[in-house]
Amino acid sequence: MNTQSDNPMLRRFLRTFGFALLSLLPALAQANQVNLSINLATPVMEAEQSHRAFIKVSLEGFKQQDKQARIPANVAIVLDKSGSMGGDKIKYAREAAIMAIKRLDERDIVSVVSYDSKVQVVVPATQVRNHQAIYNAIRNIRANGNTALFAGVSKGANELRKFLSRNKVNRVILMSDGLANVGPQSASELGELGASLAKEGISVTTIGLGLGYNEDLMTRLAGFSDGNHAFVENAEDLASVFQYEFGDVLSVVAQGVNIEIRCRNGVKPIRLLGRESEIIGNRVTTRLNQLYSEQEKFVILEVEVPKQQAETELELVAVNVSYNNLFTQNQESLTGQSVARFSRSQQEVKAARNDKALEAAVEQIANEFSRDAIEARDSGDLEGAKKILQDSASYLGSQAQSLSSPRLQEQKEEALKDADALETEQDWNKQRKELKARQYKRATQQTY
Amino acid sequence: MKRRTPLILAVIITLPLLLLAWFGVRFQQDQQQVAAHQLSNLVTSQLQSIDQQFQEHFFLLQQRFILQARALQRETEGQYNVESVRRVIGQSAVVKQIFVLSKAGDRRFPPQHQPLNQQEQDFVELTRNLLKAPERFTMPVLDPIPLQSVTSPRYSGSGGDELQSAQLSDSVSKKSRYSADVSSPAISQPAEERTSESPHGWIAWYAETGLQQIFWLQDSDGNTVGFALNSSRLLSDLINVLPSSAVGSDIAAAEEVDSEIRLINDQGELSYSWGREGNDPAIKPLQTSPLSHPLASWHLNYYAAELPAVITGWLGLVALLLFLATGLSALAYLLYREHSRELRVAEQRVNFVNQVSHELKTPLTNVRLYTEMLEQELADDDVIAQRYLGVIGSEAGRLSRLIENVLSFSRLKREGASIRYQQSVVDICIAQVVELFTPILSTRNLRIRFTGQASHLCHFDSEALEQILNNLLSNCEKYASDGQFVNISSWQSEVSGTLNSYIRVSDFGPGVPASDSAKLFEPFYRGSEKLTEGVSGTGIGLGLARDLARAHQGDLIVEQVPQTEVKSGASFLLSLVTPVTLPTRVATKFDD
């Protein structure tokens, strides 16, 4: 009885505490500061029992106050002009690049690299002053030859390096419609390159056009360098994808975001959902290359929480985030922590549940399932893959119901559709690209 | 004669053409060889300079690593604690992993007794064998190229010369003072002089995925710090050292040398290529150049189309030859036309003379006939008339001989000499001629002394012999009139079964100088002006005589009289083949 009467009070206290904590952070910060929030999906857990808990660490870029006061961009557009790009494709690609460059102005640096069997620097890194000259150079690109993707990205990155600055948005935008067949061509090699570029503050956005490209390679390259990835089936849609991408590029507010999560008090990290991370002992680190204005990026950390006595509180993780604020041009850091309470009351546990955080966690878990399904399908285990997706769908379904989340419901429908689509052999290539792109978007909270 | 002229002209045309063609071809071939050699030198130096650029890249990396390692050592006070090393790895774009071995060969990083991240685990797994053998990092000799620092400064000087010769860009050449080669122990940071003491080197390690480049150095405490490069990043950087291809527009492509260079990795795969567009992958590289350590198993291939410059060289040669050939041909044609016109004119003249001679012959015969008849009719005592008739007769005889000479000459030219053999005695024939000439010569106070010993009956052409002797004697009459005597002697001898007859006619006139003796027989040649002054003659007599003699399988020569005699005179020796029996009818044609 006692506990029951205490509970509402405590809950109230916790709520106010949590609210204060949450509202304090943005209040403490100036307007131009990244917003860090740490949410435990289950802030109250059952006592005397070990748990799997999900912690959502999310960062939100502050609002760009003035469109004019944006961060200068340093962009290298790397276009595939191999033989398969012939005809309308290359035309659309050229126009898409030109349309995108129209959004840039004198503050920005642009370079255009095209590749077939060899690499041509069409527009060396230059300030965007003479738009027409750049457009003319781009319009001269003709499709022909093989696909030296690795060299193309290398040269693109090299153009960026001419004006590389931590205070610019440094980005390679790679558009390809084919398999890399000159130079390194494996996903791991491109991933290694992406990781290396990320260390310099360069991210690579990969746009796969049509059904011929290697989606593993493209997502790996984007993933390791924290760029975007998109699957464009029809060349007509390239322009809009380029527009989205440039929208992102021009709304970057912070770069070089390092997230360090330390697990405390015997809490064990299991995995970080969605992003590449490094887990050493109880320390989990990951890195975002940039934060966009008013976009939330988050990671979900799955941890194992040891048994605890009832009515105790436990600090699960301490989070340390450092980033380069492009507006103040300062290296800034944020800290936060996540505390869980333990109770015997199921009701309390349920009431305290953070639906938003849990929804995000479920979304990411299902996303992992989807990845597993692709792996299974790749290894020829069609039934296994189907089962994974169906399990994922039922998991999503039950969670959607309990959280009454239409988003998860939608994802469930998707998973069921994917499970059906697995069987049709001829569509698998397209299906796989779509899946990969969708997984990538979910994992990185890409906006388009 | 008519056929020979075009032949000679053809030779005149072809000979210089052939010579020129031969020299031209030789020259072109030489030129080609020189060009090929120059090209290969050029290519070699181009490839070497690329290799050099790669070496520069490695050297810069090495410098950076040395500084990083030193900073790390200083920062961690030689402990190399895990966080610091991980931070360095996290910040360095080119490094995939770092390892630290203690002096005793124990692994200090990645740590042995602490949890590792995935990358570190993979790395440890991959390099287990390498890290187990720390002597690799202490025994410089194991490396394929002595990249390790041998701490003697003179070594660095001598080792660097070769690489230094390559051209370096301005900014690089400043560094090349130190970076002559990667092995150079002279480390660039001038502020820190003690750096050269630490041993270091590059290792190319075959990991599962390919060649893994590792730079190691020993710090002052004896720890070995190794930097494993991110191989994708390394390739990316190397690609960025290399030029990109020209943008597809025509102008740039035209400027571009028509060649392609490919970077081939340790597994023989194409890593990067630049230069010419659209190459047939099957063609063989013009040149292949291996790269230096630590890219030892990589190489560069140079591809090029056929040398374009050479074709224009050949074209030039052919054009020159054609031009020369047409020029020479035109010249030869003009010459030939001129020549044949002259021939025609000469022929017309000869014909004219022939016809005139023919026309003269008949009236002359009549003159001689009637003179003889008149001589017989006339009384012997009419001395004056007799003498007059004698003069008319001898002059008519002379004229008919002249005409006979002209006609024979032209016949000879036209159809060659034909010899009609008849059985007779040579001496009789000579005696007849002597008899005929005695009165003529006596008017010039010349006397013939004839000693005949050719009395065998044999076959010869008496008409030809008469004509020869006529010519010889009339020469005596013309040129040797102050010599008083003309000696004629004849003899016969048998040489290899056939009878040869010899007749020597010698006078005591001014003689023939040795230099003139060869030309004497040429048609229309007349001896020196001193000799021929005031004497008439056609200049065909001796030539005709010799031609006849040769047609008779004999010869007519001028004998050189010994100098001792005061009055030498001229002496002609005629030799004839005069067979006793005629086995077959011998008829020789004499050309020219």
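Q: Which ring does Arg262(B) lie over?
A: Arg262(B) sits over the face of Tyr303(B), 4.1 Å from the ring centre. A charge counts as over a ring if NZ of Lys or CZ of Arg is within 6 Å of the ring centre and within 35 degrees of the ring normal.

Q: And Arg449(B), what is under that one?
A: The face of Phe485(B), with 3.9 Å to the ring centre.

Q: Where do these values come from?
A: This is a predicted model, where local features need pLDDT of at least 70 and side-chain atom pairs count only at pLDDT 80 or more, while totals for chains, interfaces and linings use all residues. Residues are numbered from 1 along each chain, chains are lettered from A and ligands numbered from 1 in the order written, and side-chain values use heavy atoms, without hydrogens and water.

Q: New topic: how many aromatic pairs are there over all chains?
A: The count is 13. Rings of Phe, Tyr and Trp (its six-membered ring) pair if their centres lie within 6.5 Å; planes under 30 degrees apart are stacked, over 60 edge-to-face, the rest tilted.

Q: Is the pair Tyr213(A) and Phe231(A) stacked or tilted?
A: Tilted, at 6.1 Å centre to centre and 50 degrees between the planes.

Q: Is Tyr213(A) buried or exposed?
A: Tyr213(A) is buried, at 2% relative accessibility. Buried means under 20% relative accessible area, exposed over 50%, and partly exposed in between (1.4 Å probe, protein chains only). Phe231(A) is buried too, at 15%.

Q: Which residues do ring pairs link into a cluster?
A: Phe58(B), Phe65(B), Trp202(B), Phe215(B) and Phe227(B).
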